[in-house]
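Subject: Structure for you to look at

Hello,

Here is the structure I promised to hand over. Please open it alongside this email; what I found follows below.

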Amino acid sequence: MSIVLSIVLIVILAIGLGVMSFLYYRQRQKCMQYMKGIAVQKGFLQNMSHDIRTPMNAICGFSQLLCNSQIRSMMTEEEIAEYGVIIQSNTDLLSTLVNDILDISDMESGKYRLNIGTCCVNDVCRNALSTVKFRCPDNINMYMTTEVDDAYTIKSDSKRVEQVIINYLTNAVKHTTEGEIHVHVSLKEKPGMVTFSVTDTGEGVPADKAELIFKRFEKFNTFNGGTGLGLAITKRLLDMMGG
């Protein structure tokens, strides 16, 4: 009887230790995930602080120069125009940063909605090009080609399709110092679907990083501006639209 009791006690003890080990492991995993989340959040806030401060400083600095009548009187018309472009460019950058944060927040909370309707393929690409064109250096040729006529349409959210192309173009401008950025609309690349592509002659992305850059807060080149949200938002939008 004592042997049976001993075996039962050993089994109970083993089960108890197993349960305790499992609970400890699960709690440890949760703790590690929590700490990783805190680290990502901290890194994001640090990046955001830098990325927001940079355009704000440029806007404030050049605005003060233009508003100072004495300093302005010593400037040439070319310098005044150049400073105006810098202010506009940084204002647009700041607006993009804020919009990215709001978009990702709405997506996480389930408030983000699509407005499906008639989408004019070529018009969407032209609008995206005109939005990003002023950010593109003069030595880079940004252009569009298409395999469809202007009457060609698809059922989708035109504003979101445009946003996706803008995000790709913005990314291309950041990483291209010379050559070209090419937007193309194809019906042949994947039969039965419309393919929008943005290609550039920039530094490129290693194959092992191709998926990583579509995750939140990930940037292949940390020296370039931005929050690392643009391509993550693009991926979410494409998933929502069935792209």
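A contact here means heavy atoms within 4.5 Å. With that in mind, take Met107. Leaving aside neighbours within four places in sequence, Met107 is in contact with Tyr112, Ile233, Arg236 and Leu237. Please keep in mind that this is a predicted model.

**Met107**

Met107 sits in helix α3, which covers residues 77-109. Is Met107 buried or exposed? Its relative accessibility is 7%, and buried means under 20%, so Met107 counts as buried.

**The chain as a whole**

The chain has 6 helices and 5 strands. Read along the sequence, they follow the pattern α-α-α-β-α-β-β-α-β-β-α. There are 243 residues, and 28% of them count as buried. Take the contacts with a separation of 6 or more: residues 24 or more positions apart account for 70% of these.

**The sheet**

In what order do the 3 strands of the open sheet stand? The order is β2-β4-β5, and the pairing is mixed. β2 and β5 stand at the edges, each with a single partner strand, so one side of each has no neighbour in the sheet. On average, and with direction ignored, neighbouring strands of this sheet are turned by 10 degrees against each other.

The pairings are as follows:

- β2 (residues 140-146) pairs with β4 in the parallel sense, over 7 bridges.
- β4 and β5 (residues 195-200) run antiparallel and are joined by 6 bridges.

Asn141 stands opposite Glu180 in β4. Met144 has Val183 of β4 as its bridge partner. Val183 also stands opposite Val198 in β5.

How many of the 8 residues of β4 are buried? The count is 6, so this strand (residues 179-186) is mostly covered.

**Helices on the sheet**

Two helices to look at here are α4 and α5. Helix α4 (residues 121-132) lies across β2, β4 and β5. It runs at about 170 degrees to β2. Helix α5 packs on the sheet too, touching β2, β4 and β5. The direction of α5 makes about 15 degrees with that of β5.

**α4 against α5**

Two packed helices are described by the angle between their axes and the distance between the axes. The axes of α4 and α5 come within 9 Å and cross at roughly 40 degrees. That makes α4 oblique to α5. The crossing is right-handed.

Which residues meet there? From α4 come Val124, Cys125, Asn127, Ala128, Leu129, Thr131 and Val132. From α5 come Ser158, Val161, Glu162, Ile165, Ile166, Leu169, Thr170 and Val173. The contact divides into 10 nonpolar, 4 polar and 1 charged residue.

**α5 against α6**

Helix α5 (residues 158-175) also meets helix α6 (residues 230-241). Their axes come within 10 Å and cross at roughly 150 degrees. Angles over 145 degrees count as roughly antiparallel. α5 and α6 are therefore roughly antiparallel to each other. This crossing is left-handed.

On the α5 side, the contact is made by Arg160, Val161, Gln163, Val164, Asn167, Tyr168 and Asn171. On the α6 side, it is made by Gly230, Leu231, Ile233, Thr234, Leu237, Leu238 and Met241. These residues divide into 8 nonpolar, 5 polar and 1 charged.

**Asn167**

Asn167 belongs to helix α5. Asn167 is buried, with a relative accessible area of 12%. What does Asn167 touch, leaving aside neighbours within four places in sequence? The contacts are Gly230, Ile233 and Thr234.

Over to you.

Best wishes

Terms used:
Residues are numbered from 1 along each chain as its sequence is written. This is a predicted model: local features need pLDDT of at least 70, side-chain atom pairs count only at pLDDT 80 or more; totals for chains, interfaces and linings use all residues. Side-chain values use heavy atoms; hydrogens and water are left out. Axes are lines fitted to C-alpha atoms, for helices over the stretch in contact, and angles run from 0 to 180 degrees between N-to-C directions. Helices (H or I, at least four residues) and strands (E, at least two) are DSSP runs, numbered from the N terminus. Angles under 35 degrees count as roughly parallel, over 145 as roughly antiparallel, 65 to 115 as roughly perpendicular and the rest as oblique. A crossing is left-handed if the near helix is turned anticlockwise from the far one by less than a right angle, and right-handed if clockwise. Ala, Val, Leu, Ile, Met, Phe, Trp, Tyr, Cys and Pro count as nonpolar, Asp, Glu, Lys and Arg as charged, and the others, Gly among them, as polar. Buried means under 20% relative accessible area, exposed over 50%, partly exposed in between (1.4 Å probe, protein chains only). Two strands pair if DSSP finds at least two bridges between them.
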